[in-house]
Amino acid sequence: MLAARVREAVERLPELYRVAFVLRDLEEVPTEDVAVIPGVEPAAVRQRVHRARLMLRGFLSDLAGVRP
Amino acid sequence: MTRITCAEGVDRLMDYLEGVVPADIRTVVEAHVSGCPRCAAFIASYCETPRIVRQATDVTLSTDGRQTLREFLVKLRSS
């Protein structure tokens, strides 16, 4: 149940954020390498991962019943 | 910049964690966090988010996808 809801949260992320988050944070691909795939600057990858983490963190806090 | 707000610190957090903020900004961020329990708690949960997602789900690349990615990155680094 928890796994399904967390997975749903990841799948609900905008694609740009989800791809960056999965590669950088889950697959632990270095930021500079993640940046090459869509052809963007590393700063853009960091921003996408940042936004993904904020969105996921908010969702996880809701699940736990606490304010982010 | 000698001081930073919580919101400004959050905006720079990923850059800070990856070590790409200038040294003077880094010092300002660290000074802020050392005196801001709310930011310290935020950073802890922010850093834990990938681990929690990883443990709670199997959201990863397929084996084939991971292999393809590795091969791509090897070619990239050698080019």
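Mentor: Two residues are in contact if their C-beta atoms, placed from the backbone, lie within 7 Å. This is a predicted model, where local features need pLDDT of at least 70, side-chain atom pairs count only at pLDDT 80 or more, and totals for chains, interfaces and linings use all residues. Residues are numbered from 1 along each chain as its sequence is written, with chains lettered from A and ligands numbered from 1 in the order in which they are written.

Trainee: What share of the contacts in chain A with a separation of 6 or more joins residues 24 or more positions apart?

Mentor: That share is 48%.

Trainee: Why is A:Leu2 called exposed?

Mentor: A residue is buried with 20 or more other C-beta atoms within 10 Å of its own, exposed with 12 or fewer, and partly exposed in between; C-beta atoms are placed from the backbone. A:Leu2 has 12 such neighbours, so A:Leu2 counts as exposed. A:Leu2 sits in helix H1 (residues 2–12) of chain A.

Trainee: How many of the 68 residues in chain A are buried, as a percentage?

Mentor: Buried residues make up 34%.

Trainee: How many residues of chain B are in contact with chain A?

Mentor: 19 residues of chain B touch 19 residues of chain A. H4(B) gives the largest share of that side of chain B, eight residues.

Conventions. Helices (H or I, at least four residues) and strands (E, at least two) are DSSP runs, numbered from the N terminus.
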